[in-house]
Amino acid sequence: NSDAKHAKELLKLSDNLGRKHLWIFGGDGWAYDIGYGGLDHILSSGENVNVLVMDTEVYSNTGGQTSKATPIGASAKFSIAGKKTAKKDLALQAVSYGSVYVAQVAVGAKDMQTIKAFKEAVAYDGPSIIIAYSHCIEHGYDMGMGAEHQQVAVETGYWPLFRFNPDNPKGKKFKLDSKAPVGKVADFMYKEARFARVKKMDAKFAAQLLVKAQEGVDDKWERLEIFSNL
C-alpha cells in the first residue's frame, strides 16, 4: 500500500534526518605546525566546526621528527640530543579567543572527562577543539601500557586535563579536571625512551632539561589555577 511505500522512502533518507556534526581530525604536526594557519582560521571563524587533535608530540607518520608539540627534553629526529625548547601550548592559545570551546583530554587517564568534553564540544554552537594525549611507538615503550603512561602523565602534571566552555557563566567557564600534581615530572619522563635516551647520552645536559621541564609544569599549573576563575 501507499503507506508502506512512503515508509520505505523515508527509511532511505533516515541517515539525513539527524543533526550532523562536522569534525576535523588531525595530528599534532598538522595542528601545531604545518597546518596551524588553517586551524587558527577555523577557530577564529565562529563557525560550528569541531576539531580533534591526536597529539603524539612528534611527526609519527613520517618517521618521528620533532614538531612544535614535542616537549622539552625529548629525543626525536632533528633533536636527537634532546629538545631545548618547550612545547607550544595550543590549548591555551585557543582559550585566549574566548569564543572557542577547548578541552585537553587523556582517555587512558580519565575516560569520563573525555566523554564530557566530546558532548560539550558537540553541544557548543561555535568552533571547538579537543586535544587528546595519544601514546605512540615513538615514545619508546610497550604500547600495551599506553593507558598507564597516560595516567602518570596526568598525575605528575605533565598533561593537565581541563575544559573551557564559553557558554558557561563567568567564574565557571574554565574547569580544571586534574588534581594537583603528585610526584615529579621525572617520574613520567624517564619511563619513556624518548627522554631516557637523552640522559644516557649526556646526563648533565639531561638534568638541565629536566629542571626546565619541571619548572614548566609548575608554571603551567599556576596559570591553570588562575584560569579556573574565568
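I start with a pairing: strand β1, residues 23-27, runs parallel to β2, and 5 bridges connect them. Two strands count as paired if DSSP finds at least two bridges between them. Strands here are DSSP runs of E, at least two residues, and helices are runs of H or I, at least four residues, numbered from the N terminus.

This is a predicted model, where local features need pLDDT of at least 70, side-chain atom pairs count only at pLDDT 80 or more, and totals for chains, interfaces and linings use all residues. Residues are numbered from 1 along each chain as its sequence is written, and side-chain values use heavy atoms, with hydrogens and water left out.

Back to β2. Phe 25 has Leu 52 in β2 as its bridge partner. Strand β2 is also joined in parallel to β4, residues 128-133, by 6 bridges. There, Asn 50 stands opposite Ser 128 in β4. How many residues of β2 are buried? Of the 6 residues in β2, at 50-55, 5 are buried, meaning under 20% relative accessible area with a 1.4 Å probe, protein chains only.

Now the pocket. On a 1 Å grid over the protein atoms alone, a pocket is an open set of points where a 1.4 Å probe fits, with protein on both sides within 12 Å along at least five of seven lines; lining residues have an atom within 4 Å of a point. The lining of the largest pocket has 25 residues, and Ala 86, Lys 87, Tyr 158, Gly 216 and Lys 220 lie nearest its centre. Helices α4 (90-95) and α9 (203-227) are the elements that give two or more residues to this lining. The most come from α9, with 6 residues.

Key:
Buried < 20%, exposed > 50% of the residue type's maximum accessible area, 1.4 Å probe, protein only.
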